[in-house]
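Let's take a walk through this structure together. Have a look at it first, and then we'll go piece by piece.

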Amino acid sequence: MGQTITQKILAAHCGKDGVDPGELINARLDLVLGNDITAPIAIREFEKIGAKTVFDKDRVALVPDHSTPNKDIKSAELVKILRDFAKKHNISYFFEIGKMGIEHTLLPDEGLVGPGDAVIGADSHTCTYGALGAFSTGVGSTDLASAMALGETWFKVPEQMKFVYYGTFPKWVGGKDLILHTIGKIGVDGALYRSMEFTGEAISELDMAGRFTMCNMAIEAGGKNGIIAPDDKTLDYAKGRTKRSYEVYASDADAEYVDVVEIDVSKLEPIVSFPHLPENAKPVSEATHIRLDQSVIGSCTNGRMEDLRIAAGILKGHKVHPDVRLIIIPATQEIYLQSIKEGLTEIFVEAGGAVSTPTCGPCLGGHMGVLAEGERAIATTNRNFVGRMGHTKSEVYLAGPAVAAASAILGRIGSPEELR
Amino acid sequence: MIKGKVHKYGSNVDTDVIIPARYLNTTDPDELASHCMEDIDSEFVNKVKPGDIMVAEDNFGCGSSREHAPISIKASGVGCVIANTFARIFYRNSLNVGLPILECPEAVAGISEGDELEIDLATGGITNVSTGKTYQAKAFPPFMQQLIELGGLINYAKTKLGQRQ
(Lines give C-alpha, C1' and ligand atoms only; values in the text may rest on other atoms or scores of the structure.)
Protein backbone atom coordinates (compact mmCIF):
# COMPACT_ATOMS: atom_id res chain seq x y z
CA MET A 1 0.00 0.00 0.00
CA GLY A 2 1.33 3.43 -0.93
CA GLN A 3 1.89 6.32 1.44
CA THR A 4 0.66 9.92 1.41
CA ILE A 5 2.99 12.90 1.63
CA THR A 6 2.08 13.32 5.31
CA GLN A 7 2.85 9.67 6.07
CA LYS A 8 6.17 9.88 4.21
CA ILE A 9 7.30 12.97 6.14
CA LEU A 10 6.32 11.43 9.48
CA ALA A 11 8.03 8.15 8.57
CA ALA A 12 11.22 9.99 7.62
CA HIS A 13 11.21 11.77 10.98
CA CYS A 14 10.91 8.60 13.04
CA GLY A 15 13.31 6.45 11.02
CA LYS A 16 10.73 4.18 9.45
CA ASP A 17 9.94 3.22 5.86
CA GLY A 18 6.27 3.90 6.34
CA VAL A 19 3.68 4.69 9.00
CA ASP A 20 0.03 3.67 9.32
CA PRO A 21 -2.89 5.80 10.51
CA GLY A 22 -3.44 5.32 14.23
CA GLU A 23 0.19 4.32 14.79
CA LEU A 24 1.97 6.10 17.59
CA ILE A 25 5.35 7.52 16.69
CA ASN A 26 8.05 9.62 18.27
CA ALA A 27 9.18 12.11 15.64
CA ARG A 28 12.25 14.31 15.34
CA LEU A 29 11.36 17.98 14.82
CA ASP A 30 12.96 20.48 12.45
CA LEU A 31 11.54 23.55 14.16
CA VAL A 32 9.47 24.35 17.25
CA LEU A 33 7.59 27.63 17.67
CA GLY A 34 6.04 29.64 20.47
CA ASN A 35 4.45 33.10 20.75
CA ASP A 36 3.86 35.67 23.48
CA ILE A 37 0.69 33.91 24.70
CA THR A 38 1.80 30.28 24.63
CA ALA A 39 5.57 30.42 25.18
CA PRO A 40 5.49 31.93 28.71
CA ILE A 41 3.68 28.81 29.98
CA ALA A 42 6.04 26.61 27.95
CA ILE A 43 9.08 28.35 29.44
CA ARG A 44 7.74 27.81 32.98
CA GLU A 45 7.23 24.11 32.23
CA PHE A 46 10.61 23.89 30.46
CA GLU A 47 12.31 24.98 33.70
CA LYS A 48 10.51 22.14 35.53
CA ILE A 49 11.93 19.55 33.13
CA GLY A 50 15.40 20.52 34.28
CA ALA A 51 17.00 20.80 30.85
CA LYS A 52 20.11 22.97 30.86
CA THR A 53 19.25 24.49 27.50
CA VAL A 54 17.14 24.00 24.38
CA PHE A 55 17.84 21.06 22.05
CA ASP A 56 19.08 23.36 19.26
CA LYS A 57 19.24 27.15 19.44
CA ASP A 58 18.69 27.39 15.66
CA ARG A 59 15.52 25.31 15.74
CA VAL A 60 13.47 27.21 18.30
CA ALA A 61 11.52 30.25 17.10
CA LEU A 62 9.93 32.71 19.53
CA VAL A 63 7.64 35.30 17.95
CA PRO A 64 5.94 37.96 20.07
CA ASP A 65 3.03 38.73 17.74
CA HIS A 66 -0.30 38.38 19.54
CA SER A 67 -0.40 41.34 21.92
CA THR A 68 2.41 43.36 20.40
CA PRO A 69 3.50 46.11 20.35
CA ASN A 70 2.73 45.44 24.02
CA LYS A 71 -0.92 46.35 24.55
CA ASP A 72 -0.77 46.52 28.35
CA ILE A 73 1.54 45.91 31.30
CA LYS A 74 0.63 42.24 31.64
CA SER A 75 1.36 41.61 27.95
CA ALA A 76 4.66 43.46 28.28
CA GLU A 77 5.61 41.09 31.10
CA LEU A 78 4.79 38.06 28.94
CA VAL A 79 6.88 39.32 26.02
CA LYS A 80 9.72 40.01 28.46
CA ILE A 81 9.65 36.32 29.50
CA LEU A 82 10.28 35.37 25.84
CA ARG A 83 12.99 37.98 25.38
CA ASP A 84 14.83 36.99 28.57
CA PHE A 85 14.58 33.29 27.73
CA ALA A 86 15.87 33.90 24.19
CA LYS A 87 18.87 35.85 25.56
CA LYS A 88 19.63 33.29 28.25
CA HIS A 89 19.65 30.38 25.80
CA ASN A 90 21.15 32.34 22.91
CA ILE A 91 18.15 31.49 20.69
CA SER A 92 18.79 32.57 17.10
CA TYR A 93 15.21 33.29 16.12
CA PHE A 94 13.57 35.64 18.60
CA PHE A 95 11.95 38.36 16.52
CA GLU A 96 11.93 41.74 18.23
CA ILE A 97 9.35 44.45 17.51
CA GLY A 98 10.49 46.21 14.34
CA LYS A 99 11.78 42.95 12.89
CA MET A 100 8.87 40.67 13.72
CA GLY A 101 5.80 39.61 11.85
CA ILE A 102 2.84 37.34 12.36
CA GLU A 103 4.51 33.99 13.05
CA HIS A 104 2.94 31.91 10.30
CA THR A 105 3.78 34.42 7.59
CA LEU A 106 7.17 35.29 9.06
CA LEU A 107 8.68 31.83 9.51
CA PRO A 108 8.21 30.59 5.92
CA ASP A 109 9.24 34.00 4.53
CA GLU A 110 12.39 33.92 6.68
CA GLY A 111 13.15 30.45 5.33
CA LEU A 112 12.87 28.74 8.72
CA VAL A 113 10.48 26.10 7.35
CA GLY A 114 11.05 24.14 4.16
CA PRO A 115 9.45 21.31 2.18
CA GLY A 116 9.51 17.96 3.96
CA ASP A 117 10.02 19.48 7.44
CA ALA A 118 8.21 18.34 10.57
CA VAL A 119 7.24 21.34 12.68
CA ILE A 120 5.17 21.93 15.80
CA GLY A 121 4.11 25.27 17.16
CA ALA A 122 2.19 26.28 20.24
CA ASP A 123 -0.36 28.00 18.06
CA SER A 124 -3.25 26.29 16.32
CA HIS A 125 -2.50 27.88 12.94
CA THR A 126 0.93 26.24 12.77
CA CYS A 127 -0.68 24.00 10.13
CA THR A 128 -0.04 26.90 7.67
CA TYR A 129 3.37 25.53 6.58
CA GLY A 130 1.72 22.57 4.89
CA ALA A 131 1.59 24.91 1.87
CA LEU A 132 5.33 24.26 1.51
CA GLY A 133 4.86 20.50 1.58
CA ALA A 134 5.88 20.31 5.24
CA PHE A 135 4.09 18.48 8.06
CA SER A 136 3.21 21.10 10.64
CA THR A 137 0.66 21.13 13.41
CA GLY A 138 -0.43 23.15 16.40
CA VAL A 139 0.12 21.92 19.94
CA GLY A 140 -0.13 23.36 23.43
CA SER A 141 2.44 24.99 25.68
CA THR A 142 3.39 21.82 27.56
CA ASP A 143 4.05 20.07 24.25
CA LEU A 144 6.25 23.02 23.28
CA ALA A 145 8.16 22.82 26.57
CA SER A 146 8.92 19.16 26.09
CA ALA A 147 9.86 19.68 22.42
CA MET A 148 12.20 22.58 23.26
CA ALA A 149 14.03 20.21 25.60
CA LEU A 150 13.97 17.03 23.52
CA GLY A 151 13.70 18.13 19.87
CA GLU A 152 11.06 15.47 19.36
CA THR A 153 7.43 14.80 20.17
CA TRP A 154 4.84 12.05 19.94
CA PHE A 155 2.22 11.94 17.20
CA LYS A 156 -0.62 9.64 16.45
CA VAL A 157 -0.42 9.22 12.66
CA PRO A 158 -3.62 10.85 11.34
CA GLU A 159 -6.05 9.29 8.91
CA GLN A 160 -5.65 10.77 5.45
CA MET A 161 -8.31 12.82 3.71
CA LYS A 162 -7.93 14.12 0.15
CA PHE A 163 -9.53 17.18 -1.44
CA VAL A 164 -9.51 17.51 -5.23
CA TYR A 165 -10.22 20.99 -6.62
CA TYR A 166 -10.91 21.16 -10.33
CA GLY A 167 -12.18 23.74 -12.82
CA THR A 168 -11.06 27.32 -13.36
CA PHE A 169 -11.24 30.17 -10.87
CA PRO A 170 -14.07 32.67 -11.36
CA LYS A 171 -13.03 36.30 -10.86
CA TRP A 172 -12.49 37.32 -7.20
CA VAL A 173 -12.44 33.70 -6.02
CA GLY A 174 -9.20 32.72 -4.25
CA GLY A 175 -7.68 30.43 -1.65
CA LYS A 176 -9.79 31.87 1.17
CA ASP A 177 -13.00 31.16 -0.71
CA LEU A 178 -11.90 27.59 -1.43
CA ILE A 179 -11.13 26.84 2.19
CA LEU A 180 -14.26 28.55 3.58
CA HIS A 181 -16.37 26.63 1.07
CA THR A 182 -14.59 23.40 2.04
CA ILE A 183 -15.19 23.97 5.76
CA GLY A 184 -18.81 24.80 4.95
CA LYS A 185 -19.11 21.50 3.10
CA ILE A 186 -17.51 19.21 5.71
CA GLY A 187 -18.12 21.19 8.93
CA VAL A 188 -15.83 22.46 11.70
CA ASP A 189 -15.13 18.86 12.76
CA GLY A 190 -15.29 17.37 9.26
CA ALA A 191 -11.58 16.55 9.31
CA LEU A 192 -11.21 15.99 13.06
CA TYR A 193 -7.81 14.40 13.90
CA ARG A 194 -7.23 13.94 10.14
CA SER A 195 -4.69 15.11 7.59
CA MET A 196 -6.16 17.29 4.81
CA GLU A 197 -4.30 17.00 1.52
CA PHE A 198 -5.26 19.65 -1.01
CA THR A 199 -4.77 18.58 -4.65
CA GLY A 200 -6.05 19.18 -8.17
CA GLU A 201 -5.66 21.57 -11.08
CA ALA A 202 -7.10 24.51 -9.17
CA ILE A 203 -4.47 24.08 -6.44
CA SER A 204 -1.76 24.10 -9.13
CA GLU A 205 -3.25 27.40 -10.36
CA LEU A 206 -3.21 28.93 -6.89
CA ASP A 207 -0.28 31.16 -5.87
CA MET A 208 1.71 30.46 -2.68
CA ALA A 209 -0.28 33.08 -0.73
CA GLY A 210 -3.53 31.27 -1.54
CA ARG A 211 -1.99 27.95 -0.58
CA PHE A 212 -0.80 29.31 2.77
CA THR A 213 -4.34 30.59 3.38
CA MET A 214 -5.86 27.18 2.70
CA CYS A 215 -3.45 25.20 4.88
CA ASN A 216 -3.77 27.86 7.60
CA MET A 217 -7.44 27.06 8.05
CA ALA A 218 -7.16 23.24 8.08
CA ILE A 219 -7.54 23.48 11.87
CA GLU A 220 -10.93 25.20 11.40
CA ALA A 221 -12.19 21.88 10.01
CA GLY A 222 -10.59 20.06 12.95
CA GLY A 223 -7.65 18.86 10.83
CA LYS A 224 -4.31 17.87 12.29
CA ASN A 225 -2.51 19.30 9.28
CA GLY A 226 -3.22 20.71 5.84
CA ILE A 227 -0.72 19.92 3.11
CA ILE A 228 0.00 20.59 -0.57
CA ALA A 229 2.69 18.63 -2.39
CA PRO A 230 5.50 20.92 -3.63
CA ASP A 231 5.55 21.97 -7.30
CA ASP A 232 7.54 24.56 -9.23
CA LYS A 233 5.77 27.42 -7.43
CA THR A 234 6.75 25.95 -4.07
CA LEU A 235 10.36 25.46 -5.09
CA ASP A 236 10.56 29.00 -6.55
CA TYR A 237 9.32 30.33 -3.23
CA ALA A 238 11.73 28.19 -1.20
CA LYS A 239 14.71 29.05 -3.41
CA GLY A 240 16.87 31.70 -1.79
CA ARG A 241 14.77 31.61 1.38
CA THR A 242 14.96 28.20 2.96
CA LYS A 243 17.96 28.11 5.27
CA ARG A 244 18.29 24.33 5.58
CA SER A 245 18.40 21.56 2.98
CA TYR A 246 14.98 20.13 2.31
CA GLU A 247 13.23 17.06 0.92
CA VAL A 248 10.39 17.04 -1.58
CA TYR A 249 7.74 14.37 -1.02
CA ALA A 250 4.59 13.47 -2.96
CA SER A 251 1.77 11.02 -2.28
CA ASP A 252 1.88 7.65 -4.00
CA ALA A 253 -0.84 6.93 -6.57
CA ASP A 254 -2.05 4.01 -4.45
CA ALA A 255 -1.98 5.88 -1.11
CA GLU A 256 -5.03 5.19 1.05
CA TYR A 257 -7.53 7.91 1.97
CA VAL A 258 -10.50 7.54 4.33
CA ASP A 259 -12.38 10.11 2.26
CA VAL A 260 -11.96 11.97 -1.02
CA VAL A 261 -13.90 15.23 -1.50
CA GLU A 262 -14.17 16.77 -4.97
CA ILE A 263 -14.95 20.44 -5.46
CA ASP A 264 -15.62 22.27 -8.73
CA VAL A 265 -14.18 25.76 -8.18
CA SER A 266 -15.67 27.16 -11.38
CA LYS A 267 -19.11 27.09 -9.69
CA LEU A 268 -17.99 29.14 -6.69
CA GLU A 269 -18.70 32.74 -5.79
CA PRO A 270 -16.59 34.60 -3.23
CA ILE A 271 -17.57 33.10 0.14
CA VAL A 272 -18.57 34.73 3.43
CA SER A 273 -18.74 32.69 6.66
CA PHE A 274 -21.47 33.94 8.97
CA PRO A 275 -21.21 34.09 12.79
CA HIS A 276 -20.36 32.16 14.88
CA LEU A 277 -18.61 29.27 13.13
CA PRO A 278 -16.36 29.15 10.05
CA GLU A 279 -18.63 26.39 8.66
CA ASN A 280 -21.49 28.88 8.11
CA ALA A 281 -20.20 29.55 4.61
CA LYS A 282 -22.47 31.27 2.08
CA PRO A 283 -21.97 32.90 -1.32
CA VAL A 284 -21.38 36.66 -1.00
CA SER A 285 -24.60 37.29 -2.95
CA GLU A 286 -26.55 35.99 0.07
CA ALA A 287 -24.82 38.42 2.43
CA THR A 288 -25.31 41.80 0.73
CA HIS A 289 -27.90 42.98 3.25
CA ILE A 290 -25.45 42.90 6.17
CA ARG A 291 -24.32 46.35 7.32
CA LEU A 292 -20.86 46.75 8.80
CA ASP A 293 -18.95 48.78 11.37
CA GLN A 294 -15.47 47.45 10.61
CA SER A 295 -13.39 45.67 8.01
CA VAL A 296 -10.10 44.00 8.93
CA ILE A 297 -7.60 42.92 6.28
CA GLY A 298 -4.63 41.01 7.67
CA SER A 299 -3.80 38.11 10.02
CA CYS A 300 -1.82 34.88 9.49
CA THR A 301 -4.56 33.88 7.06
CA ASN A 302 -4.57 36.86 4.67
CA GLY A 303 -1.87 39.41 5.47
CA ARG A 304 0.48 38.65 2.59
CA MET A 305 1.57 40.94 -0.29
CA GLU A 306 -0.82 39.20 -2.70
CA ASP A 307 -3.73 39.88 -0.29
CA LEU A 308 -2.78 43.54 0.09
CA ARG A 309 -2.45 43.96 -3.69
CA ILE A 310 -5.97 42.59 -4.19
CA ALA A 311 -7.31 44.97 -1.51
CA ALA A 312 -5.43 47.97 -2.93
CA GLY A 313 -6.64 47.22 -6.45
CA ILE A 314 -10.22 47.49 -5.20
CA LEU A 315 -9.73 50.44 -2.83
CA LYS A 316 -7.82 52.62 -5.32
CA GLY A 317 -9.83 55.73 -6.12
CA HIS A 318 -12.53 54.85 -3.58
CA LYS A 319 -13.29 56.08 -0.06
CA VAL A 320 -14.10 53.86 2.87
CA HIS A 321 -17.80 54.14 3.77
CA PRO A 322 -18.35 56.77 6.53
CA ASP A 323 -19.82 54.15 8.92
CA VAL A 324 -16.91 51.72 8.54
CA ARG A 325 -13.46 51.56 10.12
CA LEU A 326 -11.02 49.85 7.74
CA ILE A 327 -7.97 48.36 9.43
CA ILE A 328 -5.16 46.92 7.32
CA ILE A 329 -2.38 44.90 8.92
CA PRO A 330 0.56 43.76 6.78
CA ALA A 331 1.71 40.46 8.27
CA THR A 332 5.44 41.17 8.46
CA GLN A 333 7.87 44.08 8.40
CA GLU A 334 9.04 42.92 4.95
CA ILE A 335 5.46 43.06 3.64
CA TYR A 336 4.91 46.40 5.41
CA LEU A 337 7.94 47.89 3.65
CA GLN A 338 7.06 46.36 0.29
CA SER A 339 3.53 47.77 0.47
CA ILE A 340 5.03 51.22 1.04
CA LYS A 341 7.40 50.77 -1.91
CA GLU A 342 4.58 49.62 -4.19
CA GLY A 343 2.38 52.54 -3.19
CA LEU A 344 -0.26 50.33 -1.55
CA THR A 345 0.02 52.05 1.81
CA GLU A 346 -0.73 55.39 0.13
CA ILE A 347 -3.84 53.88 -1.49
CA PHE A 348 -5.03 52.53 1.87
CA VAL A 349 -4.50 55.81 3.71
CA GLU A 350 -6.03 57.92 0.94
CA ALA A 351 -9.08 55.66 0.98
CA GLY A 352 -9.46 56.37 4.69
CA GLY A 353 -8.02 53.14 6.05
CA ALA A 354 -5.82 52.70 9.13
CA VAL A 355 -2.58 50.80 8.46
CA SER A 356 -1.08 49.00 11.43
CA THR A 357 2.32 47.57 12.27
CA PRO A 358 2.27 43.73 12.11
CA THR A 359 0.22 42.14 14.91
CA CYS A 360 -2.44 39.46 15.43
CA GLY A 361 -4.32 42.19 17.35
CA PRO A 362 -8.00 42.28 16.39
CA CYS A 363 -8.18 38.70 15.05
CA LEU A 364 -8.40 37.42 18.60
CA GLY A 365 -9.98 40.56 20.08
CA GLY A 366 -6.70 41.59 21.64
CA HIS A 367 -6.17 45.17 20.50
CA MET A 368 -5.96 47.34 17.35
CA GLY A 369 -9.65 47.09 16.48
CA VAL A 370 -11.76 45.48 19.21
CA LEU A 371 -15.53 45.50 18.64
CA ALA A 372 -18.18 47.04 20.95
CA GLU A 373 -21.51 45.44 21.84
CA GLY A 374 -23.68 45.01 18.77
CA GLU A 375 -20.93 45.86 16.30
CA ARG A 376 -20.26 43.85 13.20
CA ALA A 377 -17.06 43.28 11.23
CA ILE A 378 -15.99 41.58 8.07
CA ALA A 379 -12.50 40.17 8.41
CA THR A 380 -9.95 38.20 6.43
CA THR A 381 -9.10 36.40 9.68
CA ASN A 382 -9.81 32.76 10.49
CA ARG A 383 -12.36 32.56 13.31
CA ASN A 384 -15.76 34.09 13.91
CA PHE A 385 -16.49 32.51 17.30
CA VAL A 386 -18.61 34.31 19.92
CA GLY A 387 -16.61 37.28 21.23
CA ARG A 388 -13.61 36.52 19.03
CA MET A 389 -13.03 40.17 18.03
CA GLY A 390 -14.41 41.81 21.13
CA HIS A 391 -17.77 42.00 22.90
CA THR A 392 -19.70 38.73 23.14
CA LYS A 393 -22.56 40.48 21.36
CA SER A 394 -20.41 41.52 18.41
CA GLU A 395 -20.22 39.61 15.14
CA VAL A 396 -17.45 38.59 12.74
CA TYR A 397 -18.02 37.58 9.12
CA LEU A 398 -15.07 35.84 7.46
CA ALA A 399 -14.07 36.51 3.84
CA GLY A 400 -11.13 36.98 1.51
CA PRO A 401 -9.39 40.32 0.90
CA ALA A 402 -11.46 41.18 -2.19
CA VAL A 403 -14.80 41.02 -0.36
CA ALA A 404 -13.36 42.68 2.77
CA ALA A 405 -12.06 45.62 0.71
CA ALA A 406 -15.24 46.00 -1.37
CA SER A 407 -17.39 45.78 1.77
CA ALA A 408 -15.39 48.56 3.44
CA ILE A 409 -16.37 50.85 0.56
CA LEU A 410 -20.00 49.69 0.36
CA GLY A 411 -20.64 49.91 4.12
CA ARG A 412 -22.19 46.46 3.91
CA ILE A 413 -21.01 43.05 2.79
CA GLY A 414 -20.64 42.95 -0.98
CA SER A 415 -18.62 41.82 -3.95
CA PRO A 416 -16.08 43.95 -5.84
CA GLU A 417 -18.36 43.43 -8.87
CA GLU A 418 -20.84 45.84 -7.30
CA LEU A 419 -18.31 48.68 -7.51
CA ARG A 420 -18.10 48.63 -11.29
CA MET B 1 -13.23 8.00 41.79
CA ILE B 2 -14.58 11.32 40.54
CA LYS B 3 -18.00 12.38 41.88
CA GLY B 4 -19.90 15.47 40.97
CA LYS B 5 -22.73 17.32 39.27
CA VAL B 6 -23.04 17.75 35.52
CA HIS B 7 -22.70 21.04 33.67
CA LYS B 8 -23.89 20.25 30.16
CA TYR B 9 -23.09 22.07 26.91
CA GLY B 10 -23.70 21.53 23.18
CA SER B 11 -21.39 21.07 20.20
CA ASN B 12 -18.35 23.09 19.12
CA VAL B 13 -17.65 24.74 22.48
CA ASP B 14 -14.56 26.65 21.40
CA THR B 15 -11.54 27.81 23.36
CA ASP B 16 -12.57 31.46 22.90
CA VAL B 17 -15.66 30.88 25.06
CA ILE B 18 -13.87 28.55 27.50
CA ILE B 19 -11.37 31.33 28.19
CA PRO B 20 -11.73 34.55 26.15
CA ALA B 21 -8.57 36.04 24.63
CA ARG B 22 -9.01 39.20 26.71
CA TYR B 23 -7.82 37.17 29.72
CA LEU B 24 -4.79 35.66 27.98
CA ASN B 25 -2.52 38.29 29.47
CA THR B 26 -2.20 36.05 32.51
CA THR B 27 -1.05 32.47 33.01
CA ASP B 28 -2.27 32.21 36.63
CA PRO B 29 -4.59 29.16 36.88
CA ASP B 30 -6.87 30.69 39.54
CA GLU B 31 -7.27 33.94 37.65
CA LEU B 32 -8.02 31.99 34.46
CA ALA B 33 -10.52 29.84 36.39
CA SER B 34 -12.40 32.94 37.53
CA HIS B 35 -13.31 33.62 33.86
CA CYS B 36 -13.86 30.01 32.77
CA MET B 37 -16.86 29.62 30.40
CA GLU B 38 -17.74 33.28 31.01
CA ASP B 39 -18.93 34.02 27.47
CA ILE B 40 -21.17 30.95 27.15
CA ASP B 41 -22.31 30.42 30.77
CA SER B 42 -21.64 33.44 32.97
CA GLU B 43 -23.01 31.59 36.04
CA PHE B 44 -20.62 28.63 35.65
CA VAL B 45 -17.91 29.99 37.95
CA ASN B 46 -20.47 30.59 40.69
CA LYS B 47 -22.13 27.18 40.51
CA VAL B 48 -19.16 24.85 39.84
CA LYS B 49 -17.99 22.74 42.79
CA PRO B 50 -14.82 20.62 43.11
CA GLY B 51 -15.29 17.30 41.33
CA ASP B 52 -18.07 18.52 39.05
CA ILE B 53 -18.20 17.13 35.55
CA MET B 54 -18.47 18.99 32.29
CA VAL B 55 -20.40 17.15 29.58
CA ALA B 56 -20.59 18.32 25.96
CA GLU B 57 -21.47 17.04 22.52
CA ASP B 58 -19.17 17.19 19.46
CA ASN B 59 -15.76 18.82 18.92
CA PHE B 60 -15.30 20.22 22.45
CA GLY B 61 -12.38 22.66 22.73
CA CYS B 62 -12.12 23.56 19.06
CA GLY B 63 -10.17 26.61 17.96
CA SER B 64 -7.04 28.03 19.50
CA SER B 65 -4.17 25.97 20.91
CA ARG B 66 -4.33 27.94 24.18
CA GLU B 67 -3.53 25.60 27.04
CA HIS B 68 -5.18 28.25 29.19
CA ALA B 69 -8.48 26.54 28.25
CA PRO B 70 -7.92 23.15 29.96
CA ILE B 71 -5.95 24.93 32.71
CA SER B 72 -8.94 27.18 33.48
CA ILE B 73 -11.34 24.21 33.51
CA LYS B 74 -9.06 22.19 35.77
CA ALA B 75 -8.47 25.13 38.13
CA SER B 76 -12.22 25.76 38.32
CA GLY B 77 -12.49 22.40 40.08
CA VAL B 78 -13.90 20.29 37.26
CA GLY B 79 -12.82 16.68 37.75
CA CYS B 80 -13.46 15.37 34.26
CA VAL B 81 -14.85 16.40 30.88
CA ILE B 82 -16.95 13.93 28.90
CA ALA B 83 -17.81 14.63 25.25
CA ASN B 84 -18.73 12.84 22.04
CA THR B 85 -15.47 14.11 20.52
CA PHE B 86 -12.75 16.60 21.43
CA ALA B 87 -10.79 18.90 19.14
CA ARG B 88 -7.33 17.40 18.78
CA ILE B 89 -5.15 20.12 20.33
CA PHE B 90 -7.50 20.43 23.30
CA TYR B 91 -7.37 16.64 23.73
CA ARG B 92 -3.56 16.73 23.80
CA ASN B 93 -3.38 19.76 26.07
CA SER B 94 -5.84 18.34 28.60
CA LEU B 95 -3.89 15.14 29.13
CA ASN B 96 -0.59 17.04 29.13
CA VAL B 97 -1.79 19.28 31.99
CA GLY B 98 -3.59 16.52 33.86
CA LEU B 99 -7.24 17.26 33.12
CA PRO B 100 -8.98 13.88 32.63
CA ILE B 101 -11.21 13.73 29.56
CA LEU B 102 -13.32 10.90 28.21
CA GLU B 103 -14.96 10.34 24.83
CA CYS B 104 -18.29 8.55 25.32
CA PRO B 105 -21.25 9.45 23.05
CA GLU B 106 -23.58 6.96 24.82
CA ALA B 107 -22.96 8.67 28.16
CA VAL B 108 -23.41 12.15 26.67
CA ALA B 109 -26.79 11.11 25.24
CA GLY B 110 -27.93 9.70 28.59
CA ILE B 111 -26.75 12.52 30.85
CA SER B 112 -28.68 15.71 31.63
CA GLU B 113 -27.73 19.01 33.23
CA GLY B 114 -27.55 18.60 37.01
CA ASP B 115 -27.23 14.78 37.04
CA GLU B 116 -24.90 13.24 39.63
CA LEU B 117 -22.09 11.14 38.10
CA GLU B 118 -19.42 8.78 39.35
CA ILE B 119 -16.41 8.16 37.10
CA ASP B 120 -13.72 5.53 37.52
CA LEU B 121 -10.80 6.78 35.41
CA ALA B 122 -8.89 3.51 35.75
CA THR B 123 -11.59 1.61 33.90
CA GLY B 124 -13.38 4.38 31.98
CA GLY B 125 -16.62 3.41 33.74
CA ILE B 126 -19.24 6.17 34.10
CA THR B 127 -22.26 5.80 36.43
CA ASN B 128 -25.16 8.21 36.25
CA VAL B 129 -26.26 8.11 39.91
CA SER B 130 -29.40 10.15 39.09
CA THR B 131 -30.72 7.60 36.58
CA GLY B 132 -28.84 4.46 37.68
CA LYS B 133 -27.47 3.88 34.18
CA THR B 134 -23.83 2.97 33.51
CA TYR B 135 -21.62 3.65 30.51
CA GLN B 136 -18.20 2.52 29.35
CA ALA B 137 -15.78 5.04 27.84
CA LYS B 138 -12.83 3.96 25.69
CA ALA B 139 -9.80 3.20 27.86
CA PHE B 140 -6.69 5.28 27.17
CA PRO B 141 -4.17 3.73 24.74
CA PRO B 142 -1.04 2.31 26.46
CA PHE B 143 1.23 5.28 25.64
CA MET B 144 -1.21 7.68 27.24
CA GLN B 145 -1.59 5.51 30.31
CA GLN B 146 2.18 5.68 30.69
CA LEU B 147 2.19 9.44 30.26
CA ILE B 148 -0.60 9.77 32.83
CA GLU B 149 1.17 7.37 35.21
CA LEU B 150 4.24 9.60 35.04
CA GLY B 151 2.05 12.58 35.97
CA GLY B 152 1.83 14.24 32.54
CA LEU B 153 4.15 15.33 29.80
CA ILE B 154 6.62 17.32 31.89
CA ASN B 155 7.53 14.34 34.07
CA TYR B 156 7.61 12.20 30.95
CA ALA B 157 10.13 14.60 29.34
CA LYS B 158 12.09 14.76 32.59
CA THR B 159 12.36 10.96 32.66
CA LYS B 160 13.40 10.85 29.04
CA LEU B 161 16.01 13.59 29.43
CA GLY B 162 17.40 11.74 32.46
CA GLN B 163 17.81 8.61 30.34
CA ARG B 164 19.76 10.55 27.70
CA GLN B 165 22.18 12.21 30.08
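Helices (DSSP runs of H or I, at least four residues) and strands (DSSP runs of E, at least two) are numbered from the N terminus. Two residues are in contact if their C-beta atoms, placed from the backbone, lie within 7 Å. What you see is a predicted model, where local features need pLDDT of at least 70, side-chain atom pairs count only at pLDDT 80 or more, and totals for chains, interfaces and linings use all residues. Residues are numbered from 1 along each chain as its sequence is written, while chains are lettered from A and ligands numbered from 1 in the order in which they are written.

Let's start with a sheet in chain A. Five strands make an open sheet in the order S4-S3-S2-S5-S6, with parallel pairing; a pair needs at least two bridges found by DSSP. S4 (93-94) and S6 (135-138) of chain A stand at the edges with a single partner strand each, so one side of each has no neighbour in the sheet. S3 (residues 60-63) of chain A is joined to S4(A) by two bridges, and here A:Ala61 sits opposite A:Tyr93.

Now find helix H5 (residues 141-150) of chain A, which lies across S2 (31-35), S3 and S5 (118-121) of chain A. H5(A) runs at about 135° to S2(A), with axes fitted to C-alpha atoms (for helices over the stretch in contact) and angles from 0 to 180 degrees between N-to-C directions.

How do the chains meet? In all, 45 residues of chain A are in contact with 36 residues of chain B. H5(A) gives the most to chain A's side, with seven residues.
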